Amino acid sequence: MATFFGVLRKRALAPSLASVGFEERGFPVTPTAATARLEAVPQAVVCGFEWAIEGASLWELERRLALVEPEQRGFAYEGATMGYTILDAMPGGGRDRTKALLEGPGEPHIFLTYIGIGFAMARLPRPLWKNILPELDGVHHHPIMSWLAVDGYGFDRAYFDTRRWVDEQAEPAPYPWAGRPDYFSRAFDQGVGRALWFINGGVPEAAAAAADAFPESRRPDLWSGIGLAATFAGGADRAGLATLRRLSGPHHAELALGVVFAIKARTYSTYVPEHSALAAEVLADLTVEAAEALADRTEVSFVDEGPEPPYELWRERIRAEFRAGSQERAA
């Protein structure tokens with residue numbers, strides 16, 4: 001049950017469902033059934049956040065989240081992780097809630113719960129980021145995929161401060177996440193790319209134009225974010241996805257990389273909606289099974305101090321597969 005202080009925290013910190021909608025945010029989106037499904041994503045995040053920030057126990061939180069439809073449940077876990085992360089970061093808050101969530105019922109949604117940590121980062125001062133990522137035991141993709149927290153931070157900033165981070169194309173100050181300040185902006189841009197898909201209502205031409213308005217050096221990571229969002233969240237039919245693939249042009253390998261990560265996240269959670277399977281087919285010429293297999297055989301299962309973070313090494317191995325396929329077709 002929510003406590004008195006939990007209710008106060010919710011009122012002070014939780015955005016309303018309307019405030020995360022496309023119209024309220026001023027996004028140039030024409031309402032359709034497809035955009036309504038996209039809008040349900042941030043709304044699911046808000047619901048999960050409200051339940052967690054109230055101080056619901058893990059037992060109660062898990063049962064509330066189970067009531068969310070499978071397609072949106074991972075997003076609700078994003079919000080719940082955000083809430084628990086903020087509670088843990090508060091003075092006297094302890095550091096156990098987020099760890100218990102990610103090692104427990106949130107583990108199948110680990111790709112998205114990392115993103116929830118990034119949402120919390122957007123609301124906490126940087127000095128508190130030092131201990132924000134819990135050490136996890138028995139979680140397969142930890143800590144390599146923890147860069148998705150920075151991705152989540154980038155998404156949040158682009159979605160809620162679009163003028164600065166999209167229109168003005170601001171870049172974040174470096175931060176030594178995982179000891180690699182040099183990679184921080186790249187992971188950030190992957191989140192910005194995901195946000196571009198939502199900001200533009202899943203309209204391929206608009207999302208592509210937004211990405212291509214950025215400097216060339218930033219476009220590859222933006223396009224991988226677009227591919228991940230279009231596959232995981234949906235928003236486009238077959239014709240729209242075909243248009244998105246065509247518009248990706250020289251960045252198709254990055255777009256397809258996003259597809260593979262999205263399918264891996266979906267299969268890991270054991271629920272793959274039809275729109276995700278369609279995106280894998282149209283954007284990457286892959287079945288769900290083939291995309292998952294590609295992610296698995298290229299996975300980096302170690303952490304080292306090489307020239308690139310293991311997370312980026314995994315991404316590069318996936319991109320290389322698509323580049324090789326393009327060269328074979330051209331030959």
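Predicted model: local features only at pLDDT ≥ 70, side-chain atom pairs only at ≥ 80, totals over all residues.

Before you click on anything, here is a word you'll need: a residue is buried when its relative accessible area is under 20%, exposed when it is over 50%, and partly exposed in between (1.4 Å probe, protein chains only).

Residues are numbered from 1 along each chain as its sequence is written, and side-chain values use heavy atoms, with hydrogens and water left out.

**Stop 1: the whole thing**

Switch to cartoon view. You'll find 17 helices and zero strands; these are DSSP runs (helices are H or I, at least four residues; strands are E, at least two), numbered from the N terminus. The radius of gyration is 19 Å, close to the 20 Å that the globule rule gives for 331 residues, so the protein is as compact as a globular protein of that length. Here the radius is taken over C-alpha atoms, and the rule is 2.2 Å times the number of residues to the power 0.38. Turn the model around: the C-alpha trace spans about 65 × 45 × 35 Å along its principal axes.

**Stop 2: the charges**

Now colour by charge. You get 33 positive and 44 negative side chains, counting Lys and Arg as positive and Asp and Glu as negative, without His or the chain ends. Side chains of opposite charge can pair when their charged atoms come close. How many salt bridges does a search of the whole structure find? The count is 26, where a salt bridge is a side-chain nitrogen of Lys or Arg within 4 Å of a carboxyl oxygen of Asp or Glu.

**Stop 3: Arg315 and Asp221**

Arg315 sits in helix 17 (residues 310-330) and Asp221 in helix 12 (residues 219-232), so the pair ties together parts that are 94 residues apart in sequence. Arg315 is buried, at 1% relative accessibility, and Asp221 is buried too, at 3%.

**Stop 4: Asp296 and Lys264**

Next, pick the salt bridge between Asp296 and Lys264, with closest N and O atoms 2.7 Å apart. Asp296 is in helix 16 and Lys264 in helix 14 (residues 252-268), 32 residues apart. Is Lys264 buried or exposed? Lys264 is buried, at 7% relative accessibility, while Asp296 is partly exposed, at 36%.

**Stop 5: Arg245 and Asp285**

Here the salt bridge has an N to O distance of 3.0 Å. Arg245 lies in helix 13 (residues 238-248) and Asp285 in the loop between helix 15 (274-284) and helix 16 (288-298), so the pair ties together parts that are 40 residues apart in sequence. Stay on Asp285: it is exposed, at 51%, and has a positive phi of about 60 degrees although it is not a glycine.

**Stop 6**

Most residues other than glycine have a negative phi, and most peptide bonds are trans. Go to Gln169, in the loop between helix 9 (162-167) and helix 10 (184-199): its phi is positive, about 55 degrees. Finally, zoom in on His142 and Pro143, which are joined by a cis peptide bond with omega about 0 degrees. Pro143 is in the loop between helix 7 (110-121) and helix 8 (147-160).

Note on methods. Charge placed at Lys NZ, Arg CZ, Asp CG, Glu CD.
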